Amino acid sequence: MTEEYLNLENHQVAFPELGIKLNADPTAFSIFGFNVQWYGLLITIGMILAIIYCFSQMKRYGIDPDRAIDAVIGGIVGGIVGARLYYVILEWDQYKDNIASIFNLRLGGLAIYGGIIGALLVGGIIAKIRKVKLLPLLDLVGQGFLIGQCVGRWGNFFNQEAFGCNTDSVFGMTGGRIQSWIASSYTSTQCYNNLQVELDPSLPVHPCFLYESLWCLAGFILLAVTARKFRKFDGQIFLMYIAWYGLGRSFIEGLRTDSLVIGSIRVSQALAIVCTVAAVMLLVICGLKVKRMGTDYRLYCETEESKELLRKAEEARLERKSKKSKTEKTASVKEADENKANNETAEADKNEEE
């Protein structure tokens, strides 16, 4: 790596082999003295895009959006809490002397597997209460997760985190905060102490956040196409999500130097492998079972229950629209009558003055 890319400023990021050097300030903007970080902003944007996509597809899966919205909101809250709780538990030494820092999410510290667990737990309970079919909802959630992860991972870029070991790849990156962290903090991490992975601050590192973002984008395209043309049973797309994401994460996590480590095991990598194997097994088992059932099996969106639910939901929507229209019309007529009365009064006063 040439001298140009050594000793970068704190907010500078570079891709030496591509000849790219740019500023990546983790603060997106400030409002009323409060700094809004790119990390949180991009996660929020990812969630919004995921929600927009999922709600646009719900009727295709036989789900009433009005019923599902509570489960989605609950899932988001559960996901954030779960992601933070998972990270804090595994990095307890970092927080035990400053409990208040647990609630500071602006600088990072969210673990995706904790987020998935929290989202499924809370969202699933609310879906049960609201009588929303869980498996078709999960098929949509899996696609939404990939959208959110694809966008949200770029928050790691601005924070200069979630990078890997040294590389001479054309995509190798470096940055002021990356170089500083490697030089001052890396040797005190679990990854170094437990796995003895060497890391040189003067050399580029793998941009693992980029690999995962692109992997999630490819996965979303794959799942969206499969969902439209090859979906055979409810829950299939969600299992494909678990298998696809787990497969990518099992390789990408092996490159990272900030992994949560217990003993000599990278927790997220081990979990990714287990999830991938389990999801593939369930895909095969469920696929064979549905094949044996033949025409006796129908997707939820094809059932009379689903069609009746959506029909009633549409009738309720039209009724609300009609009531709103009547209310607005009544208010408009009332306003017109009042204006007419005021005009007549004004005209009478004018005539009296004359």
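Helix 4 is followed by Lys-131, whose phi is positive, near 60°. Helices (H or I, at least four residues) and strands (E, at least two) are DSSP runs, numbered from the N terminus. This is a predicted model, in which local features need pLDDT of at least 70 and side-chain atom pairs count only at pLDDT 80 or more, while totals for chains, interfaces and linings use all residues. Residues are numbered from 1 along each chain as its sequence is written, and side-chain values use heavy atoms, with hydrogens and water left out.

**Overall form**

- The protein contains 12 helices and 7 strands.
- Its radius of gyration is 27 Å, well over the 20 Å that the globule rule gives for 354 residues, so the protein is more spread out than a compact globule. The radius is taken over C-alpha atoms, and the globule rule is 2.2 Å times the number of residues to the power 0.38.
- The C-alpha trace spans about 95 × 70 × 40 Å along the principal axes of the protein.
- Of the 354 residues, 42% are buried (under 20% relative accessible area; exposed is over 50%, partly exposed in between; 1.4 Å probe, protein chains only).
- Among contacts (heavy atoms within 4.5 Å) between residues at least 6 apart in sequence, 73% join residues at least 24 apart.

- Helix 4 (residues 112-129) has 18 residues and should span 26 Å at 1.5 Å a residue; its end C-alpha atoms are 26 Å apart, which agrees. The expected span is 1.5 Å times one less than the number of residues.
- The buried residues of helix 4 are Tyr-113, Gly-114, Gly-115, Ile-116, Gly-118, Ala-119, Gly-123, Gly-124 and Ala-127.
- These buried residues pack against helix 2, helix 5 (134-152), helix 10 (236-252) and helix 11 (267-293).
- Asp-64 caps the N-terminal end of helix 2, with a side-chain oxygen 3.1 Å from the backbone nitrogen of Asp-66.

**Ser-250 in helix 10**

- Ser-250 lies in helix 10 and is buried, with a relative accessible area of 12%.
- Not counting residues up to four places away in sequence, Ser-250 touches Gln-269, Ala-272 and Ile-273.

**The 2-1-5 sheet**

- An open sheet is formed by 3 strands in the order 2-1-5, with antiparallel pairing; two strands pair if DSSP finds at least two bridges between them.
- Strand 2 (20-23) and strand 5 (174-175) stand at the edges with a single partner strand each, so one side of each is left without a neighbour in the sheet.
- Strand 1 (residues 12-15) pairs with strand 2 in the antiparallel sense over 4 bridges. Across this pairing, Phe-15 stands opposite Ile-20 and Ala-14 stands opposite Lys-21.
- The hairpin of strand 1 and strand 2 has 4 residues between the strands, and Gly-19 in the turn has a positive phi of about 70°.
- Strand 1 and strand 5 run antiparallel and are joined by 2 bridges, with Val-13 opposite Gly-175 in strand 5.
- In a regular strand the side chains alternate between the two faces of the sheet. In strand 1, Gln-12 and Ala-14 point one way and Val-13 and Phe-15 the other way, and all are buried.

Notes: A polar contact is a pair of N or O atoms within 3.5 Å; within protein, one must be able to donate a hydrogen and the other to accept it, and residues adjacent in sequence count only if both atoms are side-chain atoms.
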